[in-house]
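These are my notebook entries on one protein model. I set out what I looked up, in the order in which I looked it up.

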Amino acid sequence: MACSLSDLFGCKCGIKTWNFARQVWRHSAAASVLLFTIAGIIVVLVSVRNRSPILEKDTSHGILPAIWRGAAALVIAPMAAMFLRRAGSAYLRDVATFLAVAWLGEFANCGVLFFLHHGFGAGPILLFLQFAGTAGNCCSICLLYKLQIDLILGLKKSILIPLGVKQVIRSLRVVALMFFLCLPFMVLANVGRLPLGQAHWSLLLLTILLVMSQVVHIALAMRSLRKVVRLATFAAREVSGIEAARQQQGLRTIWQQYFRLAGTWPLCILVQLLFAVLKGWVWPIPADIRIRIAEAMGSSTPFIEENMLMAIYQVAVCLLAVWSSDGFQGSLASSESKACAEFDRQKKWESSIQAYCLDGDKGWQDKVEELGHRGFTLAALLEFYCRLGKDVMTHFDPARHTTNDVVRQAIIPLSFESKDALAVQMMQGVPTRPSKMITHNWGNLFADLVAVIIADALGEFCYSKIAKLLSRDPQKIIDWLAESGQLHSTVWVCAFSVNQHLGICDRNMGNGKDTVTQLAYPLCTCQSPKFMNDSEPCRTDGNSVSCEMNKFDDMMAWLAATDKQFYQVIAVDREFVLFSRAWCVAEIAEAFGFGMDQRLILASAEHLERHKPKLKGMRVQDMKASRPEDVDIILAKIPDKEAFNELLQSLIFDRLLTNWDSLDIAEKLSLAGHMARWQTVAWDIGFRTDSEAVGDQSAVDV
């Protein structure tokens, strides 16, 4: 009896509710920020109108500081609301969090000053507001530092050289700990629960430790950035042609971020020191220093006090965070549209989960799950690849031999003794679930197939440079994969994961020949039983239960239904023949219909430009197959053909030919890091990295 996955995997049932709640939170948080701010400002203004402010010598608890804090909250509110509502990328969401916390701190501080001005004692409400305001200010500073660390982490992942990121993260943890230790003292001192004399030395010591920890953190972070700046500067000098313009754009972005950080962090420390001075926490400066300065200048009112200072500072750093994120240059709108598309995809996936049922034929389902556990690691793939041309398929030519050549003359012979899928042998018989499935064309170069898998693992958009490096220095690729933590990521490829000895090993369909030698493929003599689509036993629909070549759709659906992170990689050959292969299109359509994440890897931007006119007019209705009935079967699986055509256009063009202004700062720095990394390879092994030589890895319009 068929069994629904909603019964087998109950945890999936809450995903739809969670996604809905997350969308509601994004919209309601943005509206709440604006509504609470407007309400707070109205209350303060009414108070000012009904009660004349008493300007005493110490104005720290007057109505004017409340107005300063309220004004800061009013300025921050629309920025926080906009980012909470529209931020789609991970970095912009972090910026939205920072803005929301900064707003919360200012709003709470405004409430504290309002209550103190009206004579409320240090009750629980006041203590709560004081805690929220002080904690909001402290957390916003830590989040500001975290935004910079996010950028450095992104650079490290793209450039794949040691940047000392672990030390930077540890130093930020120390800074956060110092703020946490200061927090109770500051709260109690501000509400008068802790006499300043008792807190003086504690606050002085904690202030010194806090400033020192931030100085160390800033020094470590700037050291990491200087490494990237030097590398990117040298890289920009070495390239020419099309690559030069892109490299210069990336270099400008890195320098801009370096100067932004160089200015933000010292400002942050100086403001904190001045705040501590105004609060009377820095010995031997007297606590009433601002009043003495005002009297020396002949004024009865201090020209500056701590609330005014912090209000101006919070507005300044929020504006700086928004400006440095490049959110208003187009990335905010672009990330919102991408997030909406991703949300629609997840809704489709959730609907597919609810509708999906295990196959009623146990033998069929067992074979589906057996196939679904034939993944293999990138380490095993590279070990296999490095044997080609040596002790396996000794005449292997990476520039000419196709996947079909390698299957016939390497994969089938290597698995002759075990008579099993080579993936099982590569993983020493351990069932291995893949994290991704590769859709590819057997007529494509095998070196390009391997390059596509590696490019996806390394976050590259194109594979031509990977393919060239694979033939020159495969150890460099292994080092990159190890550094990025992807060396043991798993993948499913039909050439390795299907048992060829149960299907095609003893027959040469179409009189296939070796691409280089032009000799007919050798036939396997394993004598294993063969199971084609009509081999017995069969299901009621006539499809063979034992055949492994008719279960790709079911296996893909099962893997996607039991692993939300499972996705499809589409390996596009240099001539874009894949899109004319009916069953390759069928795999793409199946993944699209199920709501799977799909990633398309191309050779280079130049290959895309050359084929752009043809690809712009591509429609699934125009695909060809050796059997016309196959086209009808595949088209019947695509109910919304126009939506599928739009998906193909988006997969092909949107990711690779992205306008520079539509990227946020993290995405720009990531692309710049990729460019700089490839230049280091050029220096090490001496090959050209310009797009005219090997294709561009990160083509964007500049």
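I take helices (H or I, at least four residues) and strands (E, at least two) as DSSP runs, numbered from the N terminus. The model is predicted: local features need pLDDT of at least 70, side-chain atom pairs count only at pLDDT 80 or more, and totals for chains, interfaces and linings use all residues. Residues are numbered from 1 along each chain as its sequence is written, and side-chain values use heavy atoms, with hydrogens and water left out.

**Entry 1. Overview.** I listed 26 helices and seven strands for the protein. I call a residue buried under 20% relative accessible area, exposed over 50% and partly exposed in between (1.4 Å probe, protein chains only). Of the 702 residues, 55% count as buried. I take contact to mean heavy atoms within 4.5 Å. Among contacts between residues at least 6 apart in sequence, 80% join residues at least 24 apart.

**Entry 2. Helix 13.** I looked up helix 13 (residues 378-387) and found Leu378, Ala380, Leu381, Leu382, Phe384 and Tyr385 buried. Gly389 follows helix 13 and has a positive phi, near 85°.

**Entry 3. The sheet.** I count two strands as paired if DSSP finds at least two bridges between them. Three strands form an open sheet in the order 2-4-5, with parallel pairing. Its edge strands are strand 2 (436-439) and strand 5 (597-601), each pairing on one side only. For angles I use axes that are lines fitted to C-alpha atoms, for helices over the stretch in contact, and the angles run from 0 to 180 degrees between N-to-C directions. Neighbouring strands of this sheet are turned by 25° against each other on average, direction ignored.

Ile570 of strand 4 is the bridge partner of Thr439, and Leu600 in strand 5 is the bridge partner of Ile570. From strand 2, Lys436 and Ile438 point one way and Met437 and Thr439 the other way; all are buried. I also noted that helix 21 (residues 582-594) lies across strands 2, 4 and 5, running at about 145° to strand 2.

**Entry 4. A helix pair.** I examined helix 16 (residues 446-457) and helix 17 (residues 464-472), which pack at an angle of about 110° with their axes 8 Å apart. That makes helix 16 roughly perpendicular to helix 17, a class covering 65 to 115 degrees (under 35 is roughly parallel, over 145 roughly antiparallel, the rest oblique). The contact is made by Ala447, Asp448, Val450, Ala451, Ile454 and Ala455 of helix 16 with Ile466, Ala467 and Leu470 of helix 17.

**Entry 5. Cysteines.** I define a disulfide as a pair of cysteine sulfur atoms within 2.5 Å; a search of the whole structure finds zero. For Cys268, the nearest cysteine sulfur, that of Cys142, is 9.0 Å away. Cys268 is buried, with a relative accessible area of 0%. For Cys547, the nearest cysteine sulfur is that of Cys538, 9.5 Å away. Cys547 counts as buried at 1% relative accessibility.

**Entry 6. Backbone in loops.** I found a cis peptide bond from Glu536 to Pro537, with omega near -5°. Pro537 is in the loop between helix 19 (494-497) and helix 20 (552-562), and Gln527 is placed in the loop between helix 19 and helix 20. Gln527 has a positive phi of about 65° although it is not a glycine, and counts as exposed at 70% relative accessibility. Gln428, in the loop between helix 15 (422-426) and strand 2, has a positive phi near 55°. Gln428 counts as exposed at 73% relative accessibility.
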